[in-house]
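Me: I'm new to this one. Can you walk me through its side-chain contacts and a helix pair?

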Amino acid sequence: MVSSTEYGSHIWELLLRVDHQHEDVKNEFSLPVTGDLHVGGLMLKLVEAIKIAQDWSDYAFWWEQKKCWLLKTHWTLDKCGVQADAKLIFTTQHKMLRLRLPNMKTVRLKVSFSSMVFRAVSDICKMLNIRRSEELSLLKQSEGTLKKKKKKDKNSKEPATEDILNLCNSPVSSGLPANPGLYSKTMTPVYDPVSGSPASSTITWFSDGSSTEKNCSILALSHTHCSPETLAEMYQPRTLADKAKLNAGWLDSSRSLMEQGVLEEDQLLLRFKYYTFFDLNPKYDAVRINQIYEQARWAILLEEIDCTEEEMLIFAALQAYHVSKLSLSSETQDSTCEPEVDEVEAALSNLEVTLEGGNKSNILEDITDIPKLADNLKLVRPKKLALKAIKTYWFVFRDTSISYFKNQESAQGEPIEKLNLKGCEVVPDVNVAAKKFGIKLLIPVADGMNEVYLRCDNEDQYARWMAACVLASKGRTMADSSYQPEVQKILSFLQMKNWTMCSQTASEPENVDMKPECFVSPRYTKKFKSKQLTARILEAHQNVSQMSLVEAKLRFIQAWQSLPEFGLSYYIVRFKGSKKDDVLGVSYNRLIRIDMATGDPITTWRFSNMKQWNVNWEIRQVAIEFDQNVSIAFTCLSADCKIIHEYIGGYIFLSTRSKDHNETLDEELFHKLTGGQE
């Protein structure tokens with residue numbers, strides 16, 4: 001038997017703070033507890049002591065010293081490690097948060113501060129009607145990217161209230177559980193494939209009234225363009241080190257917002273973190289396509305990604321067209337609707353084609369035939385004193401290798417050199433106006449990268465060889481089903497650039513109030529006068545003037561994806577054994593070591609050759625093992641090593657997606673690949 005005095009010694013006082021809005025009720029309570037009291041029981045005792053009749057279901061305990069939530073209500077205080085000195089706050093799990101979207105609009109909505117960021121982003125995307133939430137994440141703007149803005153305007157504060165889109169009344173935003181059926185592929189609100197406007201009959205699935213329809217319209221359309229003054233005030237990276245600052249603030253997807261120091265009413269950036277845009281469909285993805293387009297547009301305007309003058313004018317022409325089309329959208333919206341295809345009918349049609357099997361002879365031919373390219377190309381060898389040796393050889397492309405011979409007759413013998421392109425970097429070197437169609441190959445060798453330049457004669461030849469090189473760099477041959485689409489993608493991009501062949505007398509777009517400074521980066525604003533820019537943008541505009549609104553955005557995204565630096569996120573690292581800092585570029589399929597001074601790639605490692613990777617959390621070092629006994633290790637200097645670890649795991653996770661799985665995500669696998677063991 002235990003005496004009452006001995007039992008009493010196990011009871012201790014725990015001070016609890018309640019985060020509520022009732023001014024006439026105290027917010028601190030001292031309760032007698034024992035170590036075997038479970039968290040749910042403590043919540044019950046506290047609510048009884050508060051004596052306020054309200055819904056407490058969204059409340060949970062936040063442990064201030066340990067920076068963690070006590071969400072397992074069946075755990076005892078002893079198991080949680082709670083003692084008398086613990087500071088527990090009884091607060092709501094869903095709180096207001098401001099998010100800056102890729103289109104620079106700020107939305108204010110209720111978000112779970114207790115869920116892992118991965119889950120919180122999924123809920124946010126449901127509210128905003130953005131599919132494939134796994135491609136996005138939350139970013140804290142680093143101090144370095146805010147300095148310029150602060151210097152320019154010390155009195156600038158948060159955006160004005162009228163500029164903030166308030167979505168706090170959304171079902172998910174109110175803290176209610178999201179209904180999975182609400183967001184299945186067939187229940188997602190349908191958008192007109194031409195105008196991108198939401199269909200009013202389906203918008204009611206998300207909420208009631210016209211306000212939600214208006215909100216979705218705001219997110220699906222780009223209503224304004226920025227002034228040159230606004231552009232000048234924004235952070236523009238000049239060096240690779242500056243670009244590394246842009247990626248330093250990604251939040252940890254395996255921890256909650258509260259655990260990472262995010263407070264109520266804080267502002268974060270919602271951005272596409274992973275540049276693998278899966279299953280883009282204009283019928284369902286009007287908001288998603290527009291936000292990707294906006295992220296691409298701002299990346300180009302702020303020179304976060306490099307592009308040539310010719311490419312900049314293409315982007316400017318697509319933007320100019322886009323803005324001019326928007327001014328007429330209210331008049332043409334109803335008349336441009338295309339008849340929708342019933343999904344069941346489309347599925348049956350696809351099934352019929354699959355069952356019929358198509359043309360069997362072609363299939364057999366594709367299986368047995370080994371595709372190859374053979375052509376006369378110019379080989380450019382860089383020499384000292386900036387001189388180049390250009391010579392024509394007979395090139396043969398087979399599997400993932402290029403061989404070249406003195407001439408076609410000697411192609412039966414041994415080649416002069418055979419280049420294996422697996423794992424190489426392929427960089428376009430094109431100027432359509434000057435009839436220059438070059439391919440720069442950076443091939444990994446033992447002591448770095450071997451540079452090879454190929455010069456093609458025309459667009460068709462360039463498209464075929466460029467597509468073959470791109471696939472070979474990924475370890476795929478021309479027999480792959482993606483070869484022909486890649487050729488067509490390259491040709492369509494070249495066609496957009498080829499505005500000099502069009503009639504110079506074409507009239508200007510309808511009622512375009514052209515301010516060219518709004519469509520190009522500040523560097524080109526300084527280089528050309530306004531009239532010169534206007535003329536050149538209008539020339540480029542002729543090749544895109546017949547596109548629909550959504551097509552113009554998709555072409556813009558496609559052109560962005562064609563840039564050599566597309567999809568690269570930069571970090572400053574120190575490799576093990578090295579005495580100087582380097583830049584590490586992380587892409588969807590590879591890691592690139594880049595010289596920080598020159599910007600030249602030193603080595604490339606493909607994810608397909610990766611055997612394993614891990615992190616030594618004590619010294620914050622990432623170690624990766626590849627095939628052929630290649631291993632690397634580095635520490636990250638510009639960000640936490642967890643960010644790079646999550647990037648690698650995240651891209652590998654995204655590579656496992658398939659259309660068969662529809663919208664279902666293996667969240668457990670994501671955390672297994674990205675969480676790490678700290």
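Me: What am I looking at, and how are residues numbered?
Reply: This is a predicted model, where local features need pLDDT of at least 70 and side-chain atom pairs count only at pLDDT 80 or more, while totals for chains, interfaces and linings use all residues. Residues are numbered from 1 along each chain as its sequence is written, and side-chain values use heavy atoms, with hydrogens and water left out.

Me: Ok, charges. How many salt bridges are there?
Reply: The count comes to 33 salt bridges. The rule asks for a side-chain nitrogen of Lys or Arg within 4 Å of a carboxyl oxygen of Asp or Glu.

Me: Which residue does Asp429 pair with?
Reply: Lys436, with the closest N and O atoms 3.3 Å apart.

Me: What about Arg574?
Reply: Arg574 forms a salt bridge with Asp581, at 2.7 Å from N to O. Arg574 is partly exposed at 32%. Asp581 is partly exposed too, at 25%.

Me: And which residue meets Asp582?
Reply: Asp582 meets Arg593 in a salt bridge, 2.9 Å from N to O. The two are 11 residues apart and link distant parts of the chain: Asp582 is in strand β19 (residues 582–586) and Arg593 is in strand β20 (residues 590–594). Strands are DSSP runs of E with at least two residues, helices are runs of H or I with at least four, and numbering starts at the N terminus. Asp582 is buried, at 0% relative accessible area.

Me: Which residues share partners in a network?
Reply: Salt bridges with shared partners join Arg131, Arg132, Glu134, Glu135, Asp279, Asp285, Arg288 and Arg657 into one network.

Me: Switching to rings. How many aromatic pairs?
Reply: The whole structure has 27. Rings of Phe, Tyr and Trp (its six-membered ring) pair if their centres lie within 6.5 Å; planes under 30 degrees apart are stacked, over 60 edge-to-face, and the rest tilted.

Me: How do Phe118 and Phe670 sit?
Reply: Their ring centres are 4.2 Å apart and their planes are at 25°, so the pair is stacked. Phe118 is in helix α4 (residues 117–128) and Phe670 is in helix α20 (residues 667–674), so this pair ties together parts 552 residues apart in sequence. Phe118 is buried at 11%, and Phe670 is buried at 2%.

Me: And Tyr647 with Tyr651?
Reply: They are stacked as well, at 5.9 Å centre to centre with 20° between the planes. They lie four residues apart in helix α19 (residues 641–654), about one helical turn. Tyr647 is buried at 0%. Tyr651 is buried at 2%.

Me: Which rings form a cluster?
Reply: Phe272, Tyr275, Phe277, Trp560 and Phe566 form one aromatic cluster.

Me: Where does Lys273 lie?
Reply: Over the face of Tyr647, 5.0 Å from the ring centre. A charge sits over a ring if NZ of Lys or CZ of Arg is within 6 Å of the ring centre and within 35 degrees of the ring normal. Arg593 lies over the face of Phe575, at 4.2 Å.

Me: Last one: where do helices α14 and α15 run?
Reply: Helix α14 covers residues 459–473 and helix α15 covers residues 483–497. Their axes come within 9 Å and cross at roughly 130°. Axes are lines fitted to C-alpha atoms, for helices over the stretch in contact, with angles from 0 to 180 degrees between N-to-C directions.

Terms used
Buried < 20%, exposed > 50% of the residue type's maximum accessible area, 1.4 Å probe, protein only.
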